[in-house]
Amino acid sequence: MAERAPRGIRRQTVVESATEELRRRILAGGFRAGEALRQDALAEEFGISRIPLRESFRQLAAEGLVTIHPHRGAVVSTLSTEEIAELFDLRAMLEPDLMRRAVPRMAAPDFVEAERVLSDYSAAIDRADLNAWGELNTEYHLALYRPAARPQTLALVRALLANTDRYTRLQLAVAGGTERAKAEHAELLALCRRGAAEEAARFTKRHVMDVKRDLLRLLAASAPAGNTA
């Protein structure tokens, strides 16, 4: 079968395009936790062979979004509340450190980019565009952390954000935290502009842990009686 870029997604390498589209669908809830990704059907839909699709599955598995089973193939990962809590705890350790290092290195272009993303994020919340605000939330945090010039840590945080994104969207959508998220993101940028690195780091940690707390409460309230997974 001739390789061509998947329909409806921008032209990149075939693997990158397929990975991006699958990631988007998983984070948007198009594939449910525990759902098998049907390799033949997806290859037909995207107009590609199974070889690049398998590479996409491997990339998503490295991000923690997919689990590859020997006999079931690729399945959308299912996380317990304990695993979700651990992901947020890791974020709370790594992201404040990146923020502390990034603030002294921020220049005018960094603030312009962060302002742009924050504006788009606020607009997505105002129009209740769940998919867009999840993507822009990740983009905003990465824009603030990138000046730290810590590529290994940033890669870890990017993976953590990808893994927690679907749960952050749930917390914002159900727990009504959208206005608070807008205000906290704006306050964080204001701290960066003032050069308040330590305060911005503490604020980042509190921001992450508040989302964790609200999300775990939400999951506990919706879990069947006796289910602690």
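Modeller: Start at the hairpin: three residues link E1 to E2. Strands (E, at least two residues) and helices (H or I, at least four) are DSSP runs, numbered from the N terminus. First, the ground rules. The model is predicted, so local features need pLDDT of at least 70 and side-chain atom pairs count only at pLDDT 80 or more, while totals for chains, interfaces and linings use all residues. Residues are numbered from 1 along each chain as its sequence is written, and side-chain values use heavy atoms, with hydrogens and water left out.

E1 covers residues 66–69 and E2 covers residues 73–76. The two run antiparallel and are joined by four bridges; strands pair if DSSP finds at least two bridges between them. Ile68 has Ala74 of E2 as its bridge partner.

Now place that hairpin in the chain. The protein chain has nine helices and two strands. From the N terminus, the order is α-α-α-β-β-α-α-α-α-α-α. Of its 229 residues, 48% are buried, where buried means under 20% relative accessible area, exposed over 50% and partly exposed in between (1.4 Å probe, protein chains only). Take the contacts (heavy atoms within 4.5 Å) between residues at least 6 apart in sequence: 71% of them join residues at least 24 apart.

Next, the helix packing. Two packed helices are described by the angle between their axes and the distance between the axes. Axes here are lines fitted to C-alpha atoms, for helices over the stretch in contact, with angles from 0 to 180 degrees between N-to-C directions.

Take H2 (residues 39–46) and H3 (residues 50–62). Their axes come within 10 Å and cross at roughly 115°. That makes H2 roughly perpendicular to H3; the cut-offs are under 35 degrees for roughly parallel, over 145 for roughly antiparallel, 65 to 115 for roughly perpendicular, and oblique for the rest. H2 brings Gln39, Asp40, Leu42, Ala43 and Phe46 to the contact, and H3 brings Arg50, Leu53, Arg54 and Phe57. By class, five of these residues are nonpolar, one is polar and three are charged. Nonpolar covers Ala, Val, Leu, Ile, Met, Phe, Trp, Tyr, Cys and Pro; charged covers Asp, Glu, Lys and Arg; the others, Gly among them, are polar.

H5 (residues 108–126) and H6 (residues 130–145) are another pair. Here the angle is about 160°, and the axes are 9 Å apart. H5 is therefore roughly antiparallel to H6. Their crossing is left-handed. On the H5 side, the contact includes Glu113, Leu118, Tyr121 and Ile125; on the H6 side, it includes Trp133, Asn137, Tyr140 and Leu144.

Move on to His185, in helix H8 (residues 178–193). His185 is buried, at 0% relative accessible area. Beyond neighbours within four places in sequence, His185 is in contact with Leu118, Tyr121, Asn137, Tyr140, His141 and His207. Asn137 is 48 residues from His185 along the chain, with the C-alpha atoms 9.1 Å apart.

Leu87 sits in helix H4 (residues 81–102). Leu87 is buried too, at 14% relative accessibility. Setting aside residues up to four places away, Leu87 touches Leu79, Leu160, Asn163 and Thr164. Val157 is 70 residues from Leu87 in sequence and 9.8 Å away, C-alpha to C-alpha.

One backbone point remains. Most residues other than glycine have a negative phi. Ala149 has a positive phi, near 60°. Ala149 lies in the loop between H6 and helix H7 (151–175). With 44% relative accessible area, Ala149 is partly exposed.

Definitions and conventions: A crossing is left-handed if the near helix is turned anticlockwise from the far one by less than a right angle, and right-handed if clockwise.
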